Each structure stands twice: as C-alpha cells, then as structure tokens.
Amino acid sequence: MAALNQALVLALESNPKESYVVAAETLLRLLDNIIREPQNAKYRTVRIDNQSIREKLLSVNGMKQLMLAIGFIEADGTLTVPSNVLLANLRRYREFIHERKELVKNPAKEKNINIAPSITCSRSTTTTATNIPLEQTAPKSKPEMVLQPSGSNATGQQQQRQTEAPCVIKSSRPFLARIEFPRVVQGTNTLLRQLELLSDQVMQYEDELLLASGKNLIPIDTLTTKAKSKLSQWKRLLGSSAASPDQKEPSEEDLLLEELTAWFRSDFFTWVNALPCTVCGNEKTQLVRSTVEDEVRVEVYQCSCGQLRHFYRYNDVEKLLQTRRGRCGEWANCFTFLCRCLGYDARYVFSTGDHVWTEVWSERRQRWIHVDPCENVLDAPLMYEHGWRKEITYVFGFARDDVQDVSWRYSNNHKQLLQRRREIGVCSEQALLDAIGKLRTKRRTGMNCTPERVTFLRQRTVDECLELLGNGGRVPTAAEREGRSSGSLEWRLQRGEQQINTRYMFIPTEEEVQAKQFNIRYCCATDCYERFLKGASNRVNEKITEKSNGWESRQYVSRNIFRKEEHDWKMVYLARTEGTDEATIEWNFDFSIQGLRVKQIELRFGQETYDGAKVELYYIKSDGTQSQALSSLCECGKFTLQARLSGGKSWQHAQLFRQSKSASDEYPFEMNIVLM
C-alpha cells in the first residue's frame, strides 16, 4: 500500500479557507463514490474541462498534485483512478482529508486531535518534514528520545498519566559497551564466532536503566486485565462438562505472554519489506546497496523516480524502541528484550535458515515455549519445517546465563537434520559442544550466578536435552502446518502461498496514447518488467518508461505460481508451487478507458514442458469469451492474458520464461501492441 502523503494534504490548507473547504468536500465526494461503488467506471473518471471540476476542485493550488498522489492518472483530458489502485489507500486518504477539512472548518477542535508522530526529540532543534521516518536520518549524536507509551487499549486514567509523564528511553551505557566481553571461543570458525557474538549481544538486555524504560512502554495494566479475563474463562471451561480430561489450567504468566505477543505485533512494531518512496508513494523501491555507518548496517533503496531512502538495521534495542520497525531480526531482538522487562526468562533464538524468534521459560509447564512475534504464534516449533517448508540445520537459543543448541525442538526428523549437518561440514559436533560449554561458563560467570542458580541451570539443561531427544517423530499440530503470514511476498512464496491478488491493470499512459503503442516485457533473470516505447527501427532508439521489480508486481492474479531459481544449473523460471497439480497466472490490459483498441499485436511467451506437462495460453475478452488465437484480440479494447500450467510428473515440468540467470538482456515474455 502506497504511503499516505500527508504533506500534500496539509499543503492545501495554504489556500483561502472558503475555496479550500469547497475543494476538499468535492474531492471527498469523488472518493466516496469510488469507495461506495468500486466497479462503477463512471465514478473513476472526471474531465478536466468540466466547469464544476475546474472551478471547485482544480482551481485550488496543490489539488492536482494531491490527486495524482492518491492514484489518479492524467490522460486525454481526464483524471482517472485505475482499478488497480487499492480501495484501502483511497479510504486512508479520504479519512485524513476529512479530518483536516473538519479542523479547518472548526479550528477550536484542533487542540483535541494529535496528528504528529508519537516520537519526538527532546533537543531544541525540530524538523518540519511530516512524512520522513526516523530511519531516514540517523542521528550522529545520541539525543534523549521521548515516547508516548503505545498501549492503544489503555484506560483513560492510564492515558492521562502517560501524557503527563512521557517515557524517556535511556540506557546507562552505549550499545557497544553493553555487548563488549572478552572472547572465549578461539579459532576462525564462522559459525562458532557468530554464536559468541550473539551470546554477547543479548547482554544488552540486562541494562537496568534500559529495562525500566522498556517496561514503561508496555501497557501492563491492560494486558494483565486481559490475561486475568482469559484465566477466568479457562476456569469456567475446566469446571464444565465440556472440558477435556487432559486440559490443564494455564498460569496467568503464560496468558500474559500471549497478550504481550499480540500487542507487540498489532500495536507496537511494524514490519518493513522495503521503504516506500516519500515522493510518489511507490512501495516497490529497489535495494541498490548496503553500507555501514557508525557500525550500523544501512540498506539504501531507490525509487523509479530517483529518490533514495535509507533503512538503518539497528541491533541496539535502545534504537529499536524508538524506530519500532524492521524485519524478523529487529522484531525478535526487541520482543525478547520486552519479555525481559516483564521478568521472563527469555532467549533470543537464531536459525541459520534465515529467521529469528524468541523462547520464554514457563514455570507452569516447566519447559521453554516457542514464541514468534512476527507471526503472533506461540508453542508451534515445527511450523518452520512443516508450514514454511524450511530445512532445519542449526538453531540456537541465547539467554543472559545460558546458550543451547535447540535445533532438535524445531525438527521432528533428527536423522535428516544430522545428515544435513554432516554434508554442510560447518563444524564437528564435538567442536560445537565445546564452544557452547565455554559460552555457558562465560555467561554464568559474568552474571555472578549463585551456586543454587548454577545447579538449577544444569538440571534444566539435562531435562531439556531429554525433551529435545523425545521430539523426534512428533506429529506436527494443525498450527504447525500453517504457512507464513509475515514478511515479503517473496518469502511467503517459498512456503507455497496459494493465491496472490495484485489486481494490477495495464492502462495506457499519455505518452503511449500519443504514440499509439503499448509495449511490455519481462526478464525472469532480473525478475523485472520493463514498459517501453519503440524507437524508429531498433532497441537502441527505445525509451524505457517504467521498470517494476517482481514477477507478481504487474500480474493481475495468480494461483500456485512461484519463481524458481536452480542454483546448480543457474537457471530461473516461473513454475507451479511444489505439490500442486495446476496453476494459473493472468495479466490484465484495458485500453478502452482512453477509447483505444488493438490494431496489431505481437507476443513472445517463452515456455518449456517435460513429461506430458502443458502450458495453455488463453485470451479472454471483457465479455467473458476466450480464445487461444492471438488474432482474436484485434479490435479489442480490454482483455486478459491467462496462462494455465498442468500435467507432467512433477511441478517443475511446466515452466514459463525459463532462462539463464546471467541473461539479463533477454526477455522471454514480450508483448507489442499498435493501438487505434
């Protein structure tokens, strides 16, 4: 979803009040009509030369720029909202414009509405950029940050108390000082050195000042009330005849952990795939490079309009409490810390399978509970192997006074797990055990554990090892068979996401209308679409007008499709997801909005089939009729291109756009249309 450009909305308020209000109300009526009847094409288009539109709407400075940012496209004397513009985005603009319009009409009410970001800096310098997130400007110095606690369900008294006394996020020492410890694992083994680094990193959680700051951000009263309510429900259930004999009453602490996880995902932290452009709202910005600034990794994203955004990948929990955004690394890091703030014995869990999460010790159950804050999932450790279809090899848990190889909790096929370890040959099992032993001693010595605590930890380790060994062959639960819900589309496709609804529709731009041509091509090697205008004779004279990354970014809808990379053969292609018998993908084209039709069409559509597999291509007109003859599209103004994949002995036997990973200048999918 494109970013809400608040700056353009606010800029309208520099117009005279009367004309601004009339224009805002006119725009709101247009948006309301589209939202109410999204399938009614007449509501999506307004003519620029219409007297009412010209005088009431477009006469206001900045209105046209705002309409373009909302999703209107200017072409042939009209402003049109294409059908691929998300209604959710229109609703967000509609609500914000309405809110600002009401404030302008009734300024006395403005003091009761806060539209400013919740993060403010206590230094005297300020910024007027409404739309620039924190990560775009990494502070060189270390200002004291002031935040309002983010418990959206807090009571009125609690909210008033939080407003009067904002939480100051502060640590007693800088990040590097909090994680600096002498090395005990010698040698150059990459895995073992990484274990020590992660073991040291979790020690940042033990800063007393930072723990107090983090605790103040959690709406403890609200979450505790919900946990107690759930506990009462459990007691009523267990006291009824409907209760199962093996059901046991949970503890309030375990139920509070559930509430903390749900709050963290819904209210506190935000997932970031790529940074949307603050100028045009494009969410498909491309990662162009990674750099390091002040020992922080920085991802640099570039939009097709040329704008650059910087995403700072902080490991410092103090920073994450301020930005509250990131991917699984930032999520697990911050969530594990907040568990420590509430006094839980918590582990940061790292998997070499490119994911991290948390484990929390349950006193009631006397075992570690798997918690994935990204997914809001508890106690489903086999979900990565069975739901996400990942191959588990190494998984480690890191706590303030412990390090443990917990791989066996996350796989129920221990024989295959061991075989994968041997094949990879990263390190021997004995070397791994020795390193873990040294790190345990290091942590427990550093924490000055009492003899009683050391005895308890040793016994807990023995009990856990027995539990892990007993996990071999365990049947995954229904929850553990569920796929991933967080993360980018590319990640979710790897677990077999069934349907993807992009709903993108190709509509001619003003340049294409004037040139009476439309051209699109896709390179599977680069996973990129290019929209272009043909030159007089050859590709040298072509003009690329748009690039879009991701095969799904310009499709309309697909089912059971993913992009496969063959690392051994160095080939790429689109294919059915594993275990499926058929798949479809569609691209949608509408030239009728500008009153245009197809005069001439050429299509290159690369496909490979093996062992009886089929790729069938259908051309579907707006009236629902379909044909396999490309010529049937002549004189057509709106149509869908559909590919159906089926048959063969394997999901790989029907392939689209197969090409070498190095063939970055070849396009197995290309459509060239002359319009009339």
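This report describes selected helices and strands of one structure.

The model is predicted: local features require a pLDDT of at least 70, side-chain atom pairs count only at pLDDT 80 or more, and totals for chains, interfaces and linings use all residues. Residues are numbered from 1 along each chain as its sequence is written, and side-chain values use heavy atoms, with hydrogens and water left out.

**Helices**

Helices (H or I, at least four residues) and strands (E, at least two) are DSSP runs, numbered from the N terminus. Helix 2 covers residues 17-36, and its end C-alpha atoms lie 28 Å apart, which agrees with the 28 Å that its 20 residues should span at 1.5 Å a residue. The expected span is 1.5 Å times one less than the number of residues.

Among the buried residues of helix 2 are Tyr20, Val21, Leu27, Leu28 and Ile35. Here, buried means under 20% relative accessible area, exposed over 50%, and partly exposed in between (1.4 Å probe, protein chains only). The buried residues of helix 2 pack against strand 1 (45-47), helix 3 (51-57), helix 4 and helix 5, where contact means heavy atoms within 4.5 Å.

Helix 4 (residues 63-70) and helix 5 (residues 87-105) also pack against each other, at an angle of about 145° and with their axes 10 Å apart. Axes are lines fitted to C-alpha atoms, for helices over the stretch in contact, and angles run from 0 to 180 degrees between N-to-C directions. Helix 4 contributes Leu66, Ala69 and Ile70 to this contact, and helix 5 contributes Asn89, Leu90, Tyr93 and Ile97.

**Strands**

Two strands pair if DSSP finds at least two bridges between them. An open sheet is formed by 3 strands in the order 8-9-10, with antiparallel pairing. Its edge strands, strand 8 (286-293) and strand 10 (308-313), each pair on one side only. Neighbouring strands of this sheet are turned by 25° against each other on average, direction ignored.

Strand 32 (residues 654-660) is largely enclosed by the rest of the structure, because 5 of its 7 residues are buried.

| Strands | Bridges | Opposite residues |
|---|---|---|
| strand 9 (residues 296-302) and strand 10 | 6 bridges | Val300 and His310 |
| strand 28 (residues 607-609) and strand 32 | 3 bridges | Glu608 and Gln655 |
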